[in-house]
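Notebook open, model loaded. I'm jotting down what I looked up, one residue to begin with and then the whole chain.

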Amino acid sequence: MQRGRMITGATQVVGVIGDPVAHSRSPAMHNAAFAAAGLDWVYLAWRVEPEALPAAVRGLRALGVRGFNVTVPHKVAILPLLDEVGEEAAAIGAVNTVVDCGGGWRGENTDAEGFLRSLLAFGVDPAGCRAVLLGAGGAARAVGYALVRGGAASLHLANRTEGRAHRLAGALGRWGSTALSAGGLGGAALRRMLAGADLVVNATSTALAGAGVPVPLEWLPPGRVYCDLAYGPAVAPVLEAARQRGLSVLGGEEMLLHQGALAFERWTGEKPSLDAMRAALRQAGEEESLSGPSK
Ligand SMILES: NC(=O)c1ccc[n+]([C@@H]2O[C@H](COP(=O)([O-])OP(=O)(O)OC[C@H]3O[C@@H](n4cnc5c(N)ncnc54)[C@H](OP(=O)(O)O)[C@@H]3O)[C@@H](O)[C@H]2O)c1
């Protein structure tokens, strides 16, 4: 929201629930989009502890909130609390956007489409590509789904807890004809997969935790695309190291932007200004750099 913008009795409310949530850049991004569109809407961040989730979902409805985003740790836990779940969210098994479906809450997932849009905007079409996905958590589920639906020729899933990677590969098989394989985070097989990959996506939380990329960057041949879903100051050194390696690098900020733009459209029926949202994200990032890394 632009400083000084008037909140009125008619202001429509949306927001994000998570725990923690104070670090979220979504309020800056969405409020900038509302201001650019001239909409009397406001986006807030609500910290909701896991045990308070059912009461929060009911309370948001009682208060007439128009919709909300869902972040860690509620993306899966919220599913049984909703009146409807969209096809993609059900397939992915996680909800990041909740919309009013006329007297009830409908859960959707815009992470998958947001990732796909960020990839396409970067000039990478997953159709026919050989991809390696590091991680098997919530974000990896959305990215894996997007790559399979986007027509990737092959997708290798590598995760620290190997069983999770195998289970995700099994679940993704029904969404397309991508050749799927899975394994752990080390070893000759992964090294071979990385050597032949056009696209490597890091969907682990290692970069955010200051632990870099969970495989040696030397295993990725220069010229290939490296995408890290994390964003913010903690990730900058990882992205720089990948650039130094000669990789074509895409950070997580563009995925955040596009998943947010899709949520905005679902709530308001209007397309937001991507420029206004991108500028607000950049400014929030600069302020975060000055005040130190957030969680
Ligand atoms: N750009 C965006 O819009 C966007 C959206 C969603 C998420 N993200 C980012 O994506 C990342 C993952 O988020 P998430 O929601 O998927 O988290 P999550 O569900 O908690 O999954 C975390 C993943 O990281 C792996 N991991 C954690 N610590 C590790 C370590 N030390 N070494 C190797 N692997 C490790 C986990 O492996 P195990 O299974 O072995 O535990 C798991 O695969 C975060 O950085 C998040 O900020 C970005």
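I checked Asp111 first: it is buried, because its relative accessible area is 9% and buried means under 20% (exposed is over 50%, partly exposed in between; 1.4 Å probe, protein chains only). Asp111 lies in helix H4, residues 111-121. Helices here are DSSP runs of H or I with at least four residues, strands are E runs of at least two, and both are numbered from the N terminus. Then I asked for its contacts, meaning heavy atoms within 4.5 Å. Leaving aside neighbours within four places in sequence, Asp111 touches Lys75, Asn96, Ala142, Met255 and Gln259.

Bookkeeping, before I forget: this is a predicted model, where local features need pLDDT of at least 70, side-chain atom pairs count only at pLDDT 80 or more, and totals for chains, interfaces and linings use all residues. Residues are numbered from 1 along each chain as its sequence is written, and side-chain values use heavy atoms, with hydrogens and water left out.

Next I zoomed out. I find 10 helices and 12 strands in the protein. Buried residues make up 50% of the 295. Of the contacts with a separation of 6 or more, 69% join residues 24 or more positions apart.

Last, overall dimensions. The C-alpha atoms fill a box of roughly 60 × 40 × 30 Å along the principal axes. The radius of gyration is 19 Å, which agrees with the value near 19 Å for a compact globule of 295 residues; I take it over C-alpha atoms, and the globule rule is 2.2 Å times the number of residues to the power 0.38.
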